[in-house]
Amino acid sequence: MNATAMVEVVLPGKVEPEGLQVRRGAVPAAGPGQVVVRMEATGVSFAEQQMRRGRYYDQPPFPFVPGYDLVGTVTAVGEGVDAGLVGTRVAALLKVGGWASHVVADAADLVPVPDGIRAAEAETVVINGITAWQMLHRKARIRAGQTVLVHGANGGVGSVLVQLAHAAGANVIGTASARHHAALREQAVTPIDYRSENVPARVRELAPGGVDAVFDHVGGRGIVDSWHLLAPGGTLVSYGSASTRDDEGSKQWPVLKLLGRVWLWNALPNGRRAYFFNVWAGRALNRGRFQDRLRADLAEVFEALRRGEITARIAAELPLTQAAEAMRLAESGTIAGKVVLRGMS
């Protein structure tokens, strides 16, 4: 492939996966404070699945290039950026733009990827890992001996949460469909089938006094059950509204409704806490603090990956030009782990 050519995948509007468009053009240049990263691995997350339906809370107007995060190598730097960065493998959290062979990013937003970790492996723990780490350690502040409930324990964020919770010495109860239960038991997770079992009743059997934290990506009516399952002093961390994925109408309403509930619950004098977690929170108010926290926490995640405390769950690796196929696979509900898109060789 011509070194001066760029390939990117465009989301033109509300389309089925086959409606994604592959576009070719010139490699972009880095402006002041920026770098060009040659993408080696990017992923298909729940965010992109929502975006193609026009359901992601603050997605840009169509058309745009999706891609929440990436891992790649710096190939060029702009004015004011250390030239020594060229050749460095880095990770970046972008929200959009990652589904491209070459991506322009702010140098201050990059996090170095340690040697010995493959690009695809590192990719599986960028957005999933930073989300899990910050929810577990910055919001719930989990300690050894506590018990946590992880909804979707086999999912992208859920599987990392399970492993990080165990590394912190916590006991884990996890909801998942029955086909994932054997794998969860191997990880010392007590599984609950959310399709066939009464989840609140089963959790109360396992933890009569309540759980110390619930991590809930489902939202909807079930979030009330999650709140009531907390022990005194417990923490609910809501980080999505998967139950509304296929709904019509306002994409803001499910989030605003959750925020309202969180505000109300936190006003109650019962010692419990609730959060709606947004990985971007605080960026607009204090970007430097946000970047420092991101670098520190993602470095911890990469170290946990290198130590074997968490493992990279890769469901499939496909070339960037097969983004439609990758999206279909990610949405199929038949896989465990993350679908990764490879950069162009």
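**Exercise 1.** Which strands and which helix do the buried residues of H6 pack against?

*Solution.* This is a predicted model: local features need pLDDT of at least 70, side-chain atom pairs count only at pLDDT 80 or more, and totals for chains, interfaces and linings use all residues. Residues are numbered from 1 along each chain as its sequence is written, and side-chain values use heavy atoms, leaving out hydrogens and water.

Step 1. Locate H6: residues 199-206. Helices (H or I, at least four residues) and strands (E, at least two) are DSSP runs, numbered from the N terminus.

Step 2. Pick its buried residues: Val199, Pro200 and Val203. Buried means under 20% relative accessible area, exposed over 50%, partly exposed in between (1.4 Å probe, protein chains only).

Step 3. These residues cover an arc of only 95° around the axis, so they sit on the same side of H6. The arc is that of the directions from the helix axis to the C-beta atoms.

Step 4. List the partners: strands E8 (147-150), E9 (171-176), E10 (189-193) and E11 (211-216), plus helix H7 (222-228). Contact means heavy atoms within 4.5 Å.

**Exercise 2.** Describe the surroundings of Thr131.

Step 1. Check burial: Thr131 has a relative accessible area of 7%, so Thr131 is buried.

Step 2. The Thr131 side chain reaches the backbone oxygen of Ile127 at 2.7 Å.

Step 3. Not counting residues up to four places away in sequence, Thr131 touches Val157, Tyr239 and Phe277.

Technical notes. Polar contact = N/O pair within 3.5 Å; in protein donor to acceptor, adjacent residues only side chain to side chain.
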